[in-house]
Amino acid sequence: MKDEAAAAGVTVLMGYNKNVCKYVSKARDFAATVEDSHTTFVSNNTYEPTAESLGECFERNAEGMLKNMAIHELALLVSFYDVSVDNIESVTADKDFSSMQTLKGPSGKEYTDFDKIKFTIKTKTGKAVSVQADRCGGDTSYAFVSDSTDKEIFRHSMPDEDDKANVATLEKKYPGAMPYFFSQDPDYATVKERVANFCANGEEAKGIATIEIACETLKVAEYLVPVLQEQLK
């Protein structure tokens, strides 16, 4: 699809909504003001920390956490931190935080995946950034910035106080939906508005990932899985 789009001169835009999230932009803006700062993007889900709940999750999302839950964070790294397979200098897993399990899904088939993972990528061009993802971490995602001594100096969450009223309204309107849909609702709207404006008026869809970014993001995910699995053995 990427090659066909390029040959036809067509721009393909992707729905990686965290590229336009308020907590992402605020963390990036703050980090830019602090020399030698380091940013960590944190993604959480609300699965129960049981073999049954995680086994169902592993089977339903058999592509694995890095191509599923954490793919949005990897898209941030590709979009804003020069991360690509060719530009990765090192990957370091946080072994104290991270966990990899082999569990049976509802079908009885076994799946091996991360139920939580944290890692830092350093690039050949001198950038460093971290990702943390936890299937059982709750319904709040956030980004935090640390200074050169590793002290946290800034944090912004999704949903923030301004968003919580909208979350409560959506929970009543769509009972039973996954909680992250409610907290990310404004960002999905932003993605749609920017893409629609690009199509209708030719205005740049600022921050929206292209298919080139999406393809590189998948390559990064595929590169990271065996590297992180080896480090967690």
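For the residue classes used below, Ala, Val, Leu, Ile, Met, Phe, Trp, Tyr, Cys and Pro count as nonpolar, Asp, Glu, Lys and Arg as charged, and the others, Gly among them, as polar. The model is predicted, so local features need pLDDT of at least 70 and side-chain atom pairs count only at pLDDT 80 or more, while totals for chains, interfaces and linings use all residues. Residues are numbered from 1 along each chain as its sequence is written, and side-chain values use heavy atoms, with hydrogens and water left out.

**Exercise 1.** Describe the largest pocket by its volume, its lining and the classes of its lining residues.

*Solution.* Begin with the term: on a 1 Å grid over the protein atoms alone, a pocket is an open set of points where a 1.4 Å probe fits, with protein on both sides within 12 Å along at least five of seven lines, and lining residues have an atom within 4 Å of a point. A volume is the space filled by probe spheres set on the points, which are joined across faces, edges and corners. The largest pocket has a volume of about 260 Å³. Of its 19 lining residues, N45, M69, H72, Y180 and Q184 are the closest to the centre. Two or more lining residues come from each of β1 (38-44) and α6 (179-183), where helices (H or I, at least four residues) and strands (E, at least two) are DSSP runs numbered from the N terminus. By class, the lining has six nonpolar, nine polar and four charged residues.

**Exercise 2.** Determine whether N17 is buried or exposed, and which residues N17 touches.

*Solution.* First place N17, which lies in the loop between α1 (2-8) and α2. Next apply the cut-offs: buried means under 20% relative accessible area, exposed over 50%, and partly exposed in between (1.4 Å probe, protein chains only). N17 is buried because its relative accessible area is 0%. Finally, taking contact as heavy atoms within 4.5 Å, and not counting residues up to four places away in sequence, N17 touches H72, Q184, D187, Y188 and V191.

**Exercise 3.** Identify the residues with the most contacts inside the largest nonpolar core and follow L228 to the residues it touches.

*Solution.* A nonpolar core is a set of buried Ala, Val, Leu, Ile, Met, Phe, Trp, Tyr and Cys residues joined through side-chain atoms within 4.5 Å. The largest such core has 40 residues, and L66, L74, L77, F119, L224 and L228 have the most contacts inside it. Among the elements that each supply at least two residues of this core are α4 (71-80), β4 (110-123) and α8 (211-231). With residues up to four places away in sequence not counted, L228 touches L66, V91, A93, F114, I117 and F119.

**Exercise 4.** Classify the aromatic pair of F41 and Y81, and explain which parts of the chain F41 and Y81 tie together.

*Solution.* Rings of Phe, Tyr and Trp (its six-membered ring) pair if their centres lie within 6.5 Å, and planes under 30 degrees apart count as stacked, over 60 as edge-to-face and the rest as tilted. The count by this rule comes to three aromatic pairs. For F41 and Y81 the centres are 5.9 Å apart with 70° between the planes, and the pair is edge-to-face. F41 lies in strand β1 and Y81 in the loop between α4 and β2, so the pair ties together parts that are 40 residues apart in sequence. F41 is buried at a relative accessible area of 0%, and Y81 counts as buried at 12%.
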